[in-house]
Amino acid sequence: MLVNPEIRQKLWKFTLRTSYSSDYLLQPKEWGKKIDIKKCFPDHIKNYWLELGSGWGEVAIELAKENPTTGFLLMERKIDRVIATETKQKELGLENIRYMTVNFQWFFTELLEKEMFETILINFPDPWPKRKHHKNRVMKPKFLEEVHSLLAPNGRLLFATDYGPYARKCISMFRKTSKFNWDGTEEYSFDRSEFPRSFFETEKRNEGKQIYYLERNKV
């Protein structure tokens, strides 16, 4: 995603260093070589989800329990959160979750095969509310192009935020691209009742925050 080759190389070297080691960790080994996701999951897995910023893993754990033939790849930079999720995964005997500790805002499409994921989930990314920090937001036109390339045909993107201005900005971006559309007439929803809730989402709801849910389909 970054343009400067020198900076990209330095960040790549930083990415290779991690204190976390696990059979469930998918750690890139070679620059320019994509990870073969299918070889990293059991043979019975039929399709794949990608969660960007999985937090403490509550959502992925529940989805993995309900969908044993789906492989869930979680990208989360904070090692303590990954360890906590894996501990719960092992307690439940779930074999359909894998992890990457790579910062997906640095490296994303460089590591993953195109049209691999049925669903890409982005729950409550940092809204960076100050205007001078908007450049740090995940949801930007270039990022949507990368998500589009990783989604399988007719794949879907799920996004949630409790920050209204961020939600409205995302809606505006989706209106300007022909790569995604949505079912029905509403561009967003205030409810996703049949979907698992993370600790963070529950906390925000208990505070009385309004949650905005966007769902888009790959065109």
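**Labels and their cut-offs**

Mentor: The side chain of N217 makes a polar contact with the side chain of D183, at 3.2 Å. This is a predicted model, in which local features need pLDDT of at least 70 and side-chain atom pairs count only at pLDDT 80 or more, while totals for chains, interfaces and linings use all residues. Residues are numbered from 1 along each chain as its sequence is written, and side-chain values use heavy atoms, with hydrogens and water left out.

Trainee: What makes the pair of N217 and D183 a polar contact?

Mentor: A polar contact is a pair of N or O atoms within 3.5 Å, where, within protein, one must be able to donate a hydrogen and the other to accept it, and residues adjacent in sequence count only if both atoms are side-chain atoms. The distance between the side chains of N217 and D183 is 3.2 Å, so the pair lies within the 3.5 Å limit.

Trainee: Why is N217 called buried?

Mentor: Buried means under 20% relative accessible area, with exposed over 50% and partly exposed in between (1.4 Å probe, protein chains only). N217 has a relative accessible area of 14%, and therefore counts as buried. N217 is found in strand 7, a strand being a DSSP run of E with at least two residues, and a helix a run of H or I with at least four, numbered from the N terminus.

Trainee: How do you know whether S198 is buried or exposed?

Mentor: S198 has 12% relative accessibility, so S198 is buried as well. The place of S198 is in the loop between strand 6 (180–181) and helix 7 (199–206), and its side chain reaches the backbone nitrogen of E201 at 3.0 Å. Leaving aside residues up to four places away in sequence, S198 touches E58 and V59, contact meaning heavy atoms within 4.5 Å.

Trainee: What makes a set of residues a nonpolar core?

Mentor: The set must consist of buried Ala, Val, Leu, Ile, Met, Phe, Trp, Tyr and Cys residues joined through side-chain atoms within 4.5 Å. The largest such core has 39 residues, and L50 and F117 are among those with the most contacts inside it. Helix 6 gives the largest share of this core, 6 residues. A second, separate core of 18 residues includes W49, L63, L74 and L94.
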